[in-house]
Amino acid sequence: MRTTITTPQAPVLFIIFNRPEQTKKVFEMIRKAQPKKLYVAADGPRNNGKDDQRCKETRAIIDLVDWDCEVKTLFRDENIGCGLGPKEAIDWFFENEEEGIILEDDCLPSESFFKFCSELLEKYRDNNQIMHIGGSNFQNGYVPDSDYSYYFSYFSHEWGWASWRRAWKHYDYEVSTYPELKKKGYFDKYFSNFIEKKYRLSKIEKTIKAKEVTWWDYQWDYTKLVNSGLSIIPNQNMIKNLGFGEDATHTLSANDERQKNEAHEINFPLSHPNFIIRDTKADSRYFNCFFKTTVVRRKILGFLRIPGYSTRG
């Protein structure tokens, strides 16, 4: 029997920009959850003039809040990009709240996502090992341990997630400690295999070398890594990404297999493990599945130019 999902107590940060269609769909799920506090951050339109009307339409969706809710907005006049934009939105959120849920405009959650995050925010509030609660699961139905509702991972999927001020305070947008840690060999044996090491470190090095950083999530992954932080991964995928396509910034390929993941409901009451240990088998399986997808494999091997590997799918 399905358990009734009560109103979550955790505040929600909703990061929006210029996509009214996707924003409206995600907003409708937030409306069903009816959080008591809703923070909305919107980057300003770009200088090409094409964003003005769509940004205006997107921001107007927030006027549809019709439940008992304290709404706070951070609407920028200037565009600061999809690196600094989300970073500063999350900074603002955690300046005002000790914990909460973060959704971007293309991350469509299931109804149970809000209760899942709220319950775990409370349960692990004072446990510094846990830095991230994810809503996504890319294991295609594989369940590491059916006795429990989730597992612990060193990956963090940012398509709908939750965290605490205590964790975000460590966020390192410039990945400033990376050169020292790499030089001293801290990452030599850390990852499950050579390909994963090359791939994940390439994202950090890309951040350091970039003239303009248009991402914020690689830095969050790095922050968790260097603080020995763990993520919670649900046994059910609860987020559907609506952002795949040519108008996206990062999820450009319409052939990316991750777009097929639907948002499912998770069963309550949650079954909590009575231990906290990273599931290395599940992590290894996830990366192998992720790497084997044609789009990702071509991107990884083509970018890394690893001798002896073919980029043909």
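D283 counts as buried, because its relative accessibility is 1%; buried means under 20% relative accessible area, exposed over 50% and partly exposed in between, with a 1.4 Å probe and protein chains only. This is a predicted model, in which local features need pLDDT of at least 70, side-chain atom pairs count only at pLDDT 80 or more, and totals for chains, interfaces and linings use all residues. Residues are numbered from 1 along each chain as its sequence is written, and side-chain values use heavy atoms, with hydrogens and water left out.

D283 sits in helix 9 (residues 280–292). Helices (H or I, at least four residues) and strands (E, at least two) are DSSP runs, numbered from the N terminus. The D283 side chain makes a polar contact with the side chain of R278, at 2.7 Å. A polar contact is a pair of N or O atoms within 3.5 Å; within protein, one must be able to donate a hydrogen and the other to accept it, and residues adjacent in sequence count only if both atoms are side-chain atoms. Beyond its neighbours within four places in sequence, D283 is in contact with Y151, S153, Y154, F155 and R278. Contact means heavy atoms within 4.5 Å.

The protein chain has 10 helices and 10 strands. Of its 313 residues, 52% count as buried.

Eight strands form an open sheet with mixed pairing, in the order 3-2-1-4-8-6-9-7. Two strands pair if DSSP finds at least two bridges between them. Strand 3 (70–75) and strand 7 (150–153) stand at the edges with a single partner strand each, so one side of each lacks a neighbour in the sheet. Strand 1 (residues 12–16) and strand 4 (residues 99–104) run parallel, joined by four bridges. F14 stands opposite L103 in strand 4.

Axes are lines fitted to C-alpha atoms, for helices over the stretch in contact; angles run from 0 to 180 degrees between N-to-C directions.

| Helix | Residues | Angle |
|---|---|---|
| Helix 3 | residues 81–96 | about 160° with strand 1 |
| Helix 4 | residues 112–123 | about 150° with strand 4 |

The largest nonpolar core holds 61 residues, and F14 and F116 touch the most other members. Such a core is a set of buried Ala, Val, Leu, Ile, Met, Phe, Trp, Tyr and Cys residues joined through side-chain atoms within 4.5 Å. Helix 4 supplies the largest share of this core, six residues. Apart from it lies another core of 18 residues, including L13, I15, A41 and W216.
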